[in-house]
Amino acid sequence: MSIGLALLVSADPATIQQFSLALRELSISPDACQDAAGAGLLLKLRKFDAVIVDLQLGEQSGHILDETRLSPSNRTAVTFGIGDNDADVTSAFRKKSQFVFERPLSAQSIHKTLKSAYGLILRERRRYFRYPASIPVIIRSESVQEVRCFSLNISEGGMALSTQVPLLPGESVRVQFTLPDQTAPLLAESTICWSKTGNLGVRFVSICDEHKSVLQVWLSQKLEETLPEGVADQFRKAESGSN
C-alpha cells in the first residue's frame, strides 16, 4: 500500500533506480521522468507529495522547482534536490528546495535525508487524503433553505456529495455533518466547486479551529488504518511531533 507519490526527475538511470528503491522502502511510489518537459506535464496531471530533482539537469532543475511552486495542486509538495560537487550551484539550489541529497550518494545517505523529511511528506499526504464515507450532510444556502444528502468522500479541504438538488459552482453554502463515532456536528462555511449530475464538490472555506482539529484527528486515524505497520509507526511519530 503506497502512502504517497513522489515525482523523481533525473536523466541518470542509476540515480532513478537508487531513489526508486529508497522511496519504495518507505511506501512512497516514484513517478520518474528525465527532463523538464516531462516533469511539467506530470505536475499538471497529478498531485505529488514530494518532488525530487537532479541538479545534473542544469537550469532545467530550477525551472522544475519553480513550476512546482506555481502548480495549484503541488505548490505545497516537499521538495528535494540531488546535489553535485559544484558548491556554488548546490548552494543556490538550496534556496529553491527544502532538502538536498549530496553526492556521492549511498543507500544510507538517501535514507537519512528522506527520514528527516518523512514527517512533512506524511502530513502533506494527510492534507489531500480523501476517505470514502457515506455521512449524512445538511446543506444550507440562500437559494435553498435546506438540502439533506450524503457524502461520498471527505478530506481536510472539502467533500464530495450525492444529491439531485442543483447548486451552482461558486455558490456559498454552509454544510453540517457528524463524523462516524462522533456526537457533535461539525459546521463549515463552504463553496460549491463543481457540479455533475447527481453529485457536488464542496470546498471548505472557513471552519473553526475546534471543528478543524476534530476532522484532522479523525482523518489521521483513517489514514493510519490504511498504512503498513512500519509506516504507520512513522506516521504516529510524525503526528505526535506536529502537536
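I'll start with Glu 59, which counts as exposed because its relative accessibility is 68%, and the cut-off for exposed is over 50%. Bear in mind that this is a predicted model. Glu 59 belongs to helix 3, which covers residues 59-70.

Next, the aromatic rings. How many aromatic pairs does the structure hold? There are six. I'll go through two of them.

Take Phe 19 and Phe 101. Their ring centres are 4.8 Å apart and the planes meet at 80°, so this pair is edge-to-face; the cut-off for that class is over 60 degrees. Phe 19 sits in helix 1, residues 13-25, while Phe 101 is in strand 5, residues 99-101, so the pair links distant parts of the chain, 82 residues apart. Are these two residues buried or exposed? Both Phe 19 and Phe 101 are buried.

Then Phe 80 and Phe 99. This pair is stacked, with 25° between the planes and 5.4 Å from centre to centre. Phe 80 is in strand 4, residues 78-82, and Phe 99 is in strand 5, so the pair ties together parts 19 residues apart in sequence. Phe 80 and Phe 99 are buried as well.

Put together, Phe 19, Phe 80, Phe 99 and Phe 101 form a cluster linked by ring pairs.

Last, charges over rings. Lys 47 has its charged end over the ring of Tyr 128, 4.5 Å from the ring centre. Over the face of Trp 194 lies Lys 196, at 5.5 Å from the centre of the ring.

Definitions and conventions: Residues are numbered from 1 along each chain as its sequence is written. This is a predicted model: local features need pLDDT of at least 70, side-chain atom pairs count only at pLDDT 80 or more; totals for chains, interfaces and linings use all residues. Side-chain values use heavy atoms; hydrogens and water are left out. Helices (H or I, at least four residues) and strands (E, at least two) are DSSP runs, numbered from the N terminus. Buried means under 20% relative accessible area, exposed over 50%, partly exposed in between (1.4 Å probe, protein chains only). Rings of Phe, Tyr and Trp (its six-membered ring) pair if their centres lie within 6.5 Å; planes under 30 degrees apart count as stacked, over 60 as edge-to-face and the rest as tilted. A charge sits over a ring if NZ of Lys or CZ of Arg is within 6 Å of the ring centre and within 35 degrees of the ring normal.
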